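Dear colleague,

I am passing on the structure that follows, and I would be glad if you read these notes with it open beside you.

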Amino acid sequence: MTTVPKRKLLLDMDGATATASLFDEYAPKTCEAIWNILPVTGRSIHANWSGREMMLHLEGDKILRLPQEVPVHSNYIYEGDIHYFYRASSLSRGKQLAYSAQFQRELSEFAIFYGEPAGEGLSAYDPPRTPYADGIHVVCKFAALDRPMPQAFKMKCESARYEGLKPLTVSRYE
Amino acid sequence: MAQKLKLTLGNVEATIELRTEDAPESSKLLKSLLPLQQRARHSMENGREVYILLDPKTEVPDENQTIYQTVGDVLLYYKPSVFVEPDWTGYANQMPVLSWVYERDTAIMGTYGPIATNVVGTIIGGLEKLQTEAPRMRREGMGTMNLSLIE
């Protein structure tokens, strides 16, 4: 029996790095779509609904509008998870002035849960976010940060809460 | 005559009217803590909420509480420390905070559901400035928040 090596990601958050393993067996189509747009570089922003999470918005030709590949009940969030998240403009509420203009309504992003609490807070109890319908709201866990997670990476993410946007590059780790 | 507070966040200023009739004890408590000056923090779990930490010994009475917070509410409550610091501290699992809500799609949450919070005041002027300044700080870094009594 041969074992296929897992595809890996390299995350570079303002000089602090971490690696992650793709869930190819679990969400193959999502993983492939994401693999094909790498590397992705942008200015990541800290979440304000979901606990310890950094968001990297996918812009321009990197934007992805993927279907819901994995059942939502299999998408429980844990520290280290990386999700693909899509939210249509019809679900946008309020002003999103902290986001760049492209994402003040439609949102396509990587959600990187760097610490606990992960996925708790308002996002866990927000009915408008639960249709999970293709083209409206899609969430898919597609990777996880390798353990142990580098403390420097986690603290760089945490510092974004106070210091603002942080440059983040997600690339293939080969 | 209603008592008012001056709130500054970074470069903008707003006015708060204390809810002295609905929340007399909370209003009295807040006035006793003034002036307050601290680096503001943005909520990572509740949506559009900005807050500062109060002295850990502060005892917040249960008064004028709701789980249905709305834009412009000024709140006193205990925030689970897991939402404040990276490491959950064994000796203190909640921290008293003063916060305010600047946009809808906000609800104050604990680790298991909504938290009832004291509504101690209402932002009656300058809200639109806060609605611009708070997102700017999310992008560029959090600045100082000041709160003082208008005599």
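Does A:Pro67 count as buried, partly exposed or exposed? With a relative accessibility of 46%, A:Pro67 counts as partly exposed, where buried means under 20% relative accessible area, exposed means over 50% and partly exposed lies in between, for a 1.4 Å probe and protein chains only.

Before going on, please keep in mind that this is a predicted model, in which local features need pLDDT of at least 70 and side-chain atom pairs count only at pLDDT 80 or more, while totals for chains, interfaces and linings use all residues. Residues are numbered from 1 along each chain as its sequence is written, chains are lettered from A and ligands numbered from 1 in the order in which they are written, and side-chain values use heavy atoms, with hydrogens and water left out.

Leaving aside neighbours within four places in sequence, A:Pro67 is in contact with A:Asp134 and A:Val138, contact meaning heavy atoms within 4.5 Å. The C-alpha atoms of A:Pro67 and A:Tyr86 are 9.2 Å apart, although 19 residues separate them along the chain.

Turning to charges and rings, a charge sits over a ring if NZ of Lys or CZ of Arg is within 6 Å of the ring centre and within 35 degrees of the ring normal. The charged end of A:Arg7 is placed in this way over the ring of A:Trp35, 4.9 Å from its centre, and B:Lys79 lies over the face of B:Tyr51, at 4.4 Å from the ring centre.

With kind regards
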